[in-house]
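Reader: I am new to this structure. Could you take me through it by question and answer?

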Amino acid sequence: MKHLLLTCCLYFCTTAYGQSLGEPYQPSSSLGDLPIWTSALDQPYQGDWLVQSSDNRTGTGREGATKAAVYRTADSKQIILFNGLVRRSFSLLPDAVCFDYRNMSNGQQLLRSVKPEASITLDGVEYAVGGAAGESENAYFLPEWLQDLHANAAFQYQSLEAGLLKPYLLWKPVGWAARKTRAMGISLTMHYASVLRALKGISVDVHYELYDGIPLIVKWVSIDNKSGRTVKVGRLKNEILGVVEEESAVVGKEDKLTVQHGIYFETNYAFNNSMRYDISDQTLHWQADTSYTSQVNYDLHTPCVAEVYPEKVTGIDLVNGGSFNSVRTHELLIDTYDRERRGLAIRHMYRTVAPWTTENPIFLHLVSQNDDQVRTAVEQCAATGYEAVILSFGSHCNLEDTSAANLRRWRDLADYAHSKGIRIGGYSLFSSRRISDEDDVIDPATGLPDKAAFFGHAPCLGSKWGLGYLARLKKFFTATGFDIFENDGPYPGDVCASTKHPGHKGLDDSQWAQMELQKGLYHWCNQRGIYINAPDWYLLDGTNKIALGYREVNFSLPRDHQMILNRQNIFDGLWEKTPSMSWGFVPLTKYQGGGPEAILEPLQDHLKDYEQLMMQYYGAGVQACYRGPRLYDTEETRLRVVQVVDWYKRYRDILNADIIHLRRADGRDWDGWMHVNAVGAVKGLVLLFNPLKQPITRKIRLPLYYTGLTGQASIGQREGTPQLYKLNGLSEAEVTVTLPAEGYTWLVVK
Ligand SMILES: [Zn+2]
């Protein structure tokens, strides 16, 4: 422990991402160096980690209560990953065996049986990594049964190293962000090797990360090949957990039975354009366990084993001297059935592991035909407090044109934008494009290009064109100094049966290889401070923002419909996303059809609607793509934009905090949401809307628990004089609010 603490003091002080390149890390600790586990540590967690930072503020007497560490038992037979909120214990005999996974907030034990640490198929043979055999009862597991187990894995535990957490990406923050510091925690690597002749020279590491202040463990597996030959890596299950069943039923199959709610899984291998993780996931597989013969389900179909692996990755050549890393599995323990609380935990996870998603520039989605329009847009941004211009689809900017003249032209425009303090970005389409029969994805069933592409057509990112595309984009950004990349859309998971594409060998590795190429581009951008809008779930690999979740053609509907629909989209889109992770849409000019009743231009004629649409998004903390040639047409319009942007910047911290859902818009009565931030000067900010054609007065109950306020709260309407409200035992306040017809208001809670 001393060693860990000393190093913490030495290196914890440099936390900004910009300073982290080349930063030294703690030399690794081996088993004997680990602090010794004591029963004094093993206490139920008191408090609420979701009332942010209540544990880590000095003077609370609870400093360090949720600090992550790896412990060993005094006899060095077991190790424990522990941060006050989660405890995950491993026996090191007869092999490394995870036998305990406990949520310290509610006492829930998640494991019912022991399983291998991982499983790897090499050259067509599946091998277990760690774990042990001999468990006869699989409904639950008692630690004293460890002595009856025997090692049976091909890869067996050899040694371990513990150290400080290293950031996955060396993000370079540039603009405003709610969180610029990197997450703290510890890492644990367990080394495995095999005595089997077929596995000579092949070693496996199982990596764990445990974060401070959140019941979150990240796990991945790496393989090193020093066998002297190329081996084919097939299915790699980097997590296998014998999880307690959520429910029992005498009949019923895996797909009908509910799975364990106490653990949330997310990997960095997700896509499909749904704008939600659970549907985008490509890796989580809930399986039955036929060795669990005492389960209630007569035919043993209870889904009670969680396995993590990408379904369509079946054969990757790992050359001698090479190494391979699996997907990263994030495991977040959930202590509730409450939808809001569950969502808050997931949103907190993103702030922790992907802080770049808290960056949230205000941008104009410019549609330009010439350079003068770009300069005008830059000037309008500077004159209103906007922070960026993105040259949207349909603009005259081509990021793939790397001719000297094009690069010089956009370098000049970027310089001009930067001279005004404005960031500049561009748009590039990848998915749904057709390039050529040689470069498009080849359908494995027919051998023909594009027959099974997700969007109808798609180039292969591993084709000659695809590799060139990546190189051209990097060249453009490097040469011009552009700050923002809008990638529509990322690689959507299309497999490709071509055996001629230079970026992958064939069908078996085509999805993995393209995914790696896509992630590589985003890592490259992330480390250079290039902000990325991308409509798919690449947030854990460096993209900053994804679409909120909307139907594009709705922006051709009348504005009064759009207002309600936008608020529904905000309400629905922010259960498991933070405001800054999401973008909405406001068509200033015609978009997807629709007549004058749908668009805002001429802006001066629709100031009330323009203001309301801005307030809905800014009031949600969600940046919208304000798409058109300009932000204002008259001085009056400009002042209206300035008024909203100034308001947003005044409340920027709280508006970027998570929302609590109050009432979903339905056009029949008030609707709204509330931002909460227990550590901010403003603890809560409530946005309320009235869609009715007459003013209304309503008693509204505000659930202020996550503001951290108890006893009383100071609540003011708009910028008016606040009043003190007594809170009930659930930290709720009841306020009476009058809302103007077809208008809005806000409440400030301190
Ligand atoms: Zn291909």
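Predicted model: local features only at pLDDT ≥ 70, side-chain atom pairs only at ≥ 80, totals over all residues.

Reader: Where do the buried residues of α5 fall, seen down its axis?

Author: A residue is buried if 20 or more other C-beta atoms lie within 10 Å of its own, exposed if 12 or fewer, and partly exposed in between, with C-beta atoms placed from the backbone. In α5 the buried ones are Trp410, Leu413, Ala414 and Ala417. They fall within an arc of 105° (taken from the directions from the helix axis to the C-beta atoms), so they line one face of the helix.

Reader: Which exposed residues sit on the face of α5 turned away from its buried side?

Author: First, the cover on the buried side. What covers the buried residues includes α4 (371-382), β21 (388-391), β22 and α6. The face turned away carries Ala404, Ala405, Arg408, Asp415 and Ser419.

Reader: Which residue just after α5 takes a positive phi?

Author: Look just past the end of α5. The phi there is about 75°, and the residue is Gly421.

Reader: Are α4 and α5 roughly parallel or roughly antiparallel?

Author: Axes are lines fitted to C-alpha atoms, for helices over the stretch in contact, and angles run from 0 to 180 degrees between N-to-C directions. α4 and α5 pack at about 15°, with their axes 10 Å apart. Angles under 35 degrees count as roughly parallel, over 145 as roughly antiparallel, 65 to 115 as roughly perpendicular and the rest as oblique. That makes α4 and α5 roughly parallel.

Reader: Which residues of α4 and α5 make the contact?

Author: Two residues are in contact if their C-beta atoms, placed from the backbone, lie within 7 Å. From α4 come Asp371, Val374, Arg375 and Val378. From α5 come Leu413, Tyr416 and Ala417.

Reader: Is the crossing of α9 and α10 left-handed or right-handed?

Author: The axes of α9 (residues 607-618) and α10 (residues 635-650) come within 10 Å and cross at roughly 15°. That makes α9 roughly parallel to α10. A crossing is left-handed if the near helix is turned anticlockwise from the far one by less than a right angle, and right-handed if clockwise. The crossing of α9 and α10 is right-handed.

Reader: Which residues is Gly234 in contact with, leaving aside its neighbours within four places in sequence?

Author: Gly234 lies in strand β12 (residues 231-237). It counts as partly exposed, because it has 18 C-beta neighbours inside 10 Å. The contacts are Thr121, Gly124, Thr314 and Gly315.

Reader: What is omega for the peptide bond from Leu93 to Pro94?

Author: Pro94 is in the loop between β3 (86-91) and β4 (97-103). The bond from Leu93 is cis, with omega near 0°.

Reader: What is omega for the cis peptide bond that joins Glu601 and Pro602?

Author: Pro602 is in the loop between β26 (582-587) and α9. For the bond to Pro602 from Glu601, omega is about -5°.

Reader: Does Met275 count as buried or partly exposed?

Author: Met275 is in the loop between β14 (263-267) and α2 (277-280). Its phi is near 70°, a positive value in a residue other than glycine. With 18 C-beta neighbours inside 10 Å, Met275 counts as partly exposed.

Methods
Residues numbered from 1 in each chain as written. Helix = DSSP H or I, 4+ residues; strand = E, 2+ residues; numbered from the N terminus.
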